[in-house]
Amino acid sequence: MVPVKVLSYNIRSMRDDTAALARIITACAPDLVLVQEAPRFFRWRKKLARLASASDLVVLTGGGTAAGPAILCNLRATVERTEDVLLPLTPGQHRRGFATAVVDIAGARLGVLSCHLSLQKDERHEQAGALLDRLAGMGVEHAVAGGDLNEGPTGRAFSRVAAGLQDCWATSPQGGEHTWTRTEPHRRIDAIFATKGIEVLGCGVPLDLPGITRTDLRAATDHLPVLATLAVPAN
């Protein structure tokens, strides 16, 4: 089993305190960061690369080409392939997409997907099905997906994903539960999911991790991050 740390974080297009954001990501020491609301417009590649560098990571894929989701990684990850997926556009709604990759981390081959589902409930439910289909079509035995689902665990879309994958916080809660809002968290709308063969060692909002302060969590963006520690079977 290979230990892998995965962070999911809605960074609100880096419109807040980017130094605080980088400090939080660095303190979590993730192997993979599943980003939502990455910069998408003017000089978005440079902005995302700057955040990755400040967090001792590199940009793996996504951003403007995936309509917001992105994936960052550290140098443990060897990249097999990447693909940014644009989802069908519902008139009147924002364009949505997936950032996806297949990586090898210390001998563990892993599919990775970052998502930000719709604000509209019927579209969100369809996107949850597309997420499961995308993971199933990646040709990997083990995979992790995470992001901003825009609804809690009782919602139809969240429940649809959790029926096919492990909801990491429900499987092994560690740290805080609620991710929205940053000042008065009362809802869990951000989550990390893993396929059945992965062992979830702990998952939650890293409130008490050394190097993370409440001040930085409030300043960095409007969501709280979710950190999962996983044990992934080696090839």
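How much space lies in the second largest pocket? The answer is about 160 Å³. The structure is a predicted model, in which local features need pLDDT of at least 70 and side-chain atom pairs count only at pLDDT 80 or more, while totals for chains, interfaces and linings use all residues. Residues are numbered from 1 along each chain as its sequence is written, and side-chain values use heavy atoms, with hydrogens and water left out.

A pocket here is an open set of points on a 1 Å grid over the protein atoms alone, with protein on both sides within 12 Å along at least five of seven lines; a cavity is a set of points where a 1.4 Å probe fits but cannot get out, and lining residues have an atom within 4 Å of a point. Grid points are joined across faces, edges and corners, and a volume is the space filled by probe spheres set on the points. The second largest pocket is lined by residues including Gln174, Gly202, Pro206, Asp208 and Thr229. Strand 11 (199-204) and strand 12 (226-232) are the elements that give two or more residues to this lining, and strand 12 provides the largest share, 3 residues. Strands (E, at least two residues) and helices (H or I, at least four) are DSSP runs, numbered from the N terminus. By class, the lining has 6 nonpolar, 5 polar and 1 charged residues; Ala, Val, Leu, Ile, Met, Phe, Trp, Tyr, Cys and Pro count as nonpolar, Asp, Glu, Lys and Arg as charged, and the others, Gly among them, as polar.

The largest pocket holds about 450 Å³ of space. Its lining consists of 25 residues, and Glu37, Arg40, His94, Arg96 and His116 lie nearest the centre. In this lining, 9 residues are nonpolar, 7 polar and 9 charged.

There is also 1 cavity of 30 Å³ or more. Among the residues that line the largest cavity are Trp169, Glu177, Thr179 and Arg188, and the lining as a whole divides into 4 nonpolar, 3 polar and 3 charged residues.

Arg188 is buried (under 20% relative accessible area), with a value of 6%. The side chains of Arg188 and Asp167 make a polar contact at 2.7 Å; such a contact is a pair of N or O atoms within 3.5 Å, where within protein one must be able to donate a hydrogen and the other to accept it, and residues adjacent in sequence count only if both atoms are side-chain atoms. Leaving aside neighbours within four places in sequence, Arg188 is in contact (heavy atoms within 4.5 Å) with residues including Glu151, Trp169 and Glu177.

Glu151 lies in the loop between strand 8 and helix 4 and is also buried, at 8% relative accessible area. Its side chain reaches the backbone nitrogen of Arg156 at 3.2 Å, and a polar atom of the Glu151 side chain lies 2.6 Å from the backbone nitrogen of Ala157. Arg124 is one of the residues in contact with Glu151.

Arg124 is among the buried residues of helix 3, as are His125 and Leu131. What covers the buried residues of this helix includes strand 6 (97-105), strand 7 (108-116), strand 8 (143-148) and helix 4 (156-164). At the start of helix 3, a side-chain oxygen of Gln120 comes within 3.1 Å of the backbone nitrogen of Asp122.

Methods:
Buried means under 20% relative accessible area, exposed over 50%, partly exposed in between (1.4 Å probe, protein chains only).
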